[in-house]
Amino acid sequence: MTDQPPAWYRAAQQRAQAEAPNVPEPTAHAVEYEVSCLPDDDLNRHLYAIRVQYRGNSRYAVIRLGDLCLGADGTWDHGVKEYDRGDAWLDAHRFDLDTALKLAKEQAPLVTVNGRTVSDALRGRDG
């Protein structure tokens, strides 16, 4: 048994290395922000977090619990995938980054988990 990768893989790596000087400069793009009132070291922070996720075309979604999406009217709706929504829904649930972060920060103090508010979670830290 050999520890060498397959020949096709080695050939692809060699081709990529040879082509690298001719490809565009890499770019970095922040695609997700986490917004929470709980401190970074809190074990439950992820439960109380709201995520601002890039969705393309300079638009962001405000997400909670993986599939709740915040609308411009301040209500949460199930479903975050573009393919199952029309343009009107997307326009009401996609924002520029500043607006998305503002909305997430407004909603963060209102998060409840199993009936426990952010204040309950913070009091639980004091022990």
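The largest nonpolar core has 18 residues, of which Y48, V52 and V62 touch the most other members. A nonpolar core here is a set of buried Ala, Val, Leu, Ile, Met, Phe, Trp, Tyr and Cys residues joined through side-chain atoms within 4.5 Å; buried means under 20% relative accessible area, exposed over 50%, and partly exposed in between (1.4 Å probe, protein chains only). At least two residues of this core come from each of β2, β3, α3 and α4 (118–125), and α3 gives the most, with 4 residues. Helices (H or I, at least four residues) and strands (E, at least two) are DSSP runs, numbered from the N terminus. Apart from this core lies another, of 5 residues, among them A61, I63, C69 and W89. In soluble globular proteins, nonpolar side chains tend to be buried together.

The model is predicted: local features need pLDDT of at least 70 and side-chain atom pairs count only at pLDDT 80 or more, while totals for chains, interfaces and linings use all residues. Residues are numbered from 1 along each chain as its sequence is written, and side-chain values use heavy atoms, with hydrogens and water left out.

Leaving aside neighbours within four places in sequence, V62 is in contact (heavy atoms within 4.5 Å) with I50, R51, V52, L68, C69, L70, W76, F95, A100 and A104.

The sheet is open and has 5 strands in the order β1-β2-β3-β4-β5, with antiparallel pairing. Two strands pair if DSSP finds at least two bridges between them. The edges are β1 (32–35) and β5 (76–78); each has a single partner strand, so one side of each is left without a neighbour in the sheet. From one strand to the next the twist averages 35°. Strands β2 (residues 50–54) and β3 (residues 60–64) run antiparallel and are joined by 4 bridges; R51 has I63 in β3 as its bridge partner. Helix α3 (residues 97–107) lies across β1, β2, β3, β4 (68–70) and β5, at about 170° to β2. Axes are lines fitted to C-alpha atoms, for helices over the stretch in contact, and angles run from 0 to 180 degrees between N-to-C directions.

Two loop residues have positive phi without being glycine. S58, in the loop between β2 and β3, has a phi of about 60° and is exposed, with a relative accessible area of 53%. L65 lies in the loop between β3 and β4; its phi is near 55°, and L65 is exposed at 59%.

The structure holds 2 aromatic pairs. One of them, W8 with Y9, is edge-to-face, at 5.8 Å centre to centre and 85° between the planes. Rings of Phe, Tyr and Trp (its six-membered ring) pair if their centres lie within 6.5 Å; planes under 30 degrees apart count as stacked, over 60 as edge-to-face and the rest as tilted. W8 is exposed, at 63% relative accessibility, whereas Y9 is partly exposed, at 36%.

A search of the whole structure finds 0 disulfides, a disulfide being a pair of cysteine sulfur atoms within 2.5 Å. The sulfur of C37 has its closest cysteine sulfur 20 Å away, in C69, too far for a bond. C37 is partly exposed, with a relative accessible area of 35%, while C69 is buried, at 0%.
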